There are 2 protein chains.
Amino acid sequence: MSKPTPLSGFPELLPAQRFVEQAVTDRLRRTFELHGFASLETRAVEPMDQLLRKGETSKEVYVLHRLQEETGGQGTGMGLHFDLTVPFARYVLENAGRLEFPFRRYQIQRAWRGERPQEGRFREFTQADIDVVARDVLPFHFDVEVARVMAEALSALPLPPMRLRVNNRKLIEGFYRGIGAPDPAVVITIVDKLDKLPAEEVARLLVDDGGLDEAQAKQCLALAEIESTDGSFADRVRDLGVRHELLDTGLEELAAVMRGCESVNGDRFQVVASLSLARGLDYYTGTVFEIYMDGFENLKSVGGGGRYDALASDGKTTYPGVGISFGISRTLVPLLQRGLLGSDRSVPSAVLVALADEESRPDSDAIAQRLRARGIATEVAANPQKFGKQIRYAERRGIPFVWFPGAGDGTDQVKDIRSGDQVDADPGTWSPPDEDRTPRIVVTTENEEQQ
Amino acid sequence: MSKPTPLSGFPELLPAQRFVEQAVTDRLRRTFELHGFASLETRAVEPMDQLLRKGETSKEVYVLHRLQEETGGQGTGMGLHFDLTVPFARYVLENAGRLEFPFRRYQIQRAWRGERPQEGRFREFTQADIDVVARDVLPFHFDVEVARVMAEALSALPLPPMRLRVNNRKLIEGFYRGIGAPDPAVVITIVDKLDKLPAEEVARLLVDDGGLDEAQAKQCLALAEIESTDGSFADRVRDLGVRHELLDTGLEELAAVMRGCESVNGDRFQVVASLSLARGLDYYTGTVFEIYMDGFENLKSVGGGGRYDALASDGKTTYPGVGISFGISRTLVPLLQRGLLGSDRSVPSAVLVALADEESRPDSDAIAQRLRARGIATEVAANPQKFGKQIRYAERRGIPFVWFPGAGDGTDQVKDIRSGDQVDADPGTWSPPDEDRTPRIVVTTENEEQQ
């Protein structure tokens, strides 16, 4: 077999990179669980009729065929899921009788889309979703909760600073109704183009296609310009002089989300009320979210979500939900590939136990086992090479300590191969510094290294 | 949308069951990492030519098609991987220049096979593999290491007792050569049928198809009968009076594996030298392994592996490997579905903070946040119902503690809802007992409960 080459859009990580992904996943999981979110995984496949309900992504679905029915076959009727929301909605309906509502779940899993690969957009990718779903009614405070939990989770990651942009569909729809827009949905779609088109162009579209006059179009653009990291957006909206009951509800809800997230705002993370945000024509009915990573504006949003008053429905019962999805592959893979993020080891081992000769392997194994029993990841040298070579072996893997059985007149010694310091040590009591127990994440943005 | 129904062969877990799977995965990972095995994940898809190299499973591969090319299309040329060995071999070749050898990796990931579902056999399943791979030469002691690591990992799981059966292809091939079998490979295939056919039938096949005389056939069956949990198998083999150099090598290697695993043998786990074991016609060249779970003989083996002198090769360089795969879905799903294994919560939360009225939500949130800051998973009541209802809310989810802000003359109180005990508590200092911090695994085999 000749040397295989990577498949475009299906990124794979080297061991030191995979450690970063694992650490990020562990930290997300930890925060989600501290807030009572239960882990869930769904199968990778869904019936095609489930996957095709969301028209716009239908072209991107991978359909499964059995090999023997490949020629002219109709396929299995199943495809790989392209997000974690469709499977979650299906799971809730299927298991409604066995779940306790409101139901908080997080789901960290892969999804697949057959779209053209580009930086941060992959055909196979991992994302982390949190959602709360209820039966019939989901109180508004859960909108605040999912924002706060995701903000707390993301601000704890060793990634560039991120922003959670928040808006509210009731607010913008109420505003458009308040100015007398004939079809608020059309206005939403047009204003949503502000990240691609210049403002004048959007204003022209609002007049030509949105049925607004120039003063109304100007109002819409004025609304979209409003941003704040606190509750001050509300006064600026009110200063525009538009009145509508739905607008008031939206303003209150957005203000509540901003208040709820006050404590997580900081250098590493900002929650921003962004009144231009609409999340397209999706099924959101209130709060909407998008996540951006500073310095990686080319990736566009690296996550998003919102409130959907009918996440799922079986005709009799409706299950409203609110959630946010974060793109793990979308953020990590570009950082790893550009070398801005990495770890200092390719193995979990903190210690390499050296080997004098093959006959003494059981002794080295016994030392390793005593260290492991105390939670210290340890491996034994593969071959009884010269000690200099065994140290090189550790060095190449980033293992910080090499253990020499009986090196100090019969007493074991351990060498920190970074400093060269070698001291007497007992495998029943010696421990590495806490920061050396597991590989360290190395962030090289702006030449800084941090854990 | 009407209520969806499960897809046969694609098991999904409820939150309390998923907790068990997570706990099992965490414990496996912990042991693997303590021994220096690095985590790896590969993409879910492989080029079809990779997947079809192993003829016998080719029929079971799921082939991916893009939706728009479904009618009469040739597919994407990719299929879902059906194990973790084929992708690992490809990954090693693809990244050989960037890996340090010998390379220890563990991989806990899903795989897919389109076969007919039955208990323990799924179309989508998770397995945990460990392998060590080297360039050119892989010292034998790694055979001992992977056996010991997997034995240690499995014996720490809350599962029924398991057995790791071990044999050695050199031992049996050397034995068959020693008795003068014209084609040892044919003999291996016939003896491998002993788990399906009675011994007399196998003896007849050895004569009719294996080209042996009756005395030789009897010798083969005598070898296959030998089992021991220590090194005594070797004397019993030698008592059969067969001599061959390859047999001696095999005996030494098997004895070394048995010696290396002595310390993990116990009530919960046994390593057994099983001289009938051959692992079919697979590409193993030395040590072979199979894992069985007591009381679940209907599942057949729940894992297996061995030494392959050419895990991967690019024509110039050969990468020998040794590894073992353990079926997580195969063991867990039947136990979960039969109700023999579960957990006592459907949420991670150890504490529910009660809510007097909606206005006091910020106070309850603040208490929850102080508990979380100290690593205690906490949620706040969804609604300010009567306290009795809030206690029921906790009960239904298995949350052991309910926190009442200011209940004791302005001092907070916490109630253990199992005992009914309610005491004054400070969110800055109170902690639940360690065993209540996370959900407990509940094993109901033989009416025992253990963590």
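In the predicted model, strand β7 (residues 162-168) of chain B pairs with strand β10 (residues 287-293) of chain B in the antiparallel sense over seven bridges, two strands being paired if DSSP finds at least two bridges between them. Within this pairing, B:Asn167 stands opposite B:Val288 in β10(B). Strands (E, at least two residues) and helices (H or I, at least four residues) are DSSP runs, numbered from the N terminus. Residues are numbered from 1 along each chain as its sequence is written, and chains are lettered from A and ligands numbered from 1 in the order in which they are written. As the model is predicted, local features need pLDDT of at least 70 and side-chain atom pairs count only at pLDDT 80 or more, whereas totals for chains, interfaces and linings use all residues.

Both strands belong to an open sheet of nine strands in chain B, with the order β1-β5-β6-β12-β11-β10-β7-β9-β8 and mixed pairing. Its edge strands, each pairing on one side only, are β1 (38-39) and β8 (227-228) of chain B. Helix α4 (residues 141-155) of chain B lies across β6 (124-133), β7, β9 (269-274), β10, β11 (303-313) and β12 (318-327) of chain B, and runs at about 15° to β12(B). Here, axes are lines fitted to C-alpha atoms, for helices over the stretch in contact, and angles run from 0 to 180 degrees between N-to-C directions. Helix α10 (residues 245-261) of chain B also packs on the sheet, where it touches β7, β9 and β10 of chain B, and its direction makes about 155° with that of β7(B). Residues are in contact if their C-beta atoms, placed from the backbone, lie within 7 Å.

Elsewhere in chain B, helix α5 (residues 169-178) and helix α6 (residues 184-191) pack at an angle of about 115°, their axes lying 9 Å apart. On the α5(B) side, B:Ile172, B:Glu173, B:Tyr176 and B:Arg177 meet B:Pro184, B:Val187 and B:Ile188 of α6(B).

Chain A can be laid on chain B with an RMSD of 0.0 Å by a turn of 180° and a shift of 0.0 Å along the axis, by least-squares superposition on the C-alpha atoms of residues with pLDDT of at least 70 in both. The two copies are therefore related as by a two-fold rotation axis. The same surface serves both copies, as 100% of the contact residues of chain A recur in chain B. The contact takes 66 residues from chain A and 67 residues from chain B. Across it, β3(A) and strand β3 (residues 62-66) of chain B pair in the antiparallel sense over five bridges, and A:Leu64 stands opposite B:Leu64 in β3(B).

How values were computed
Contact = placed C-beta atoms within 7 Å.
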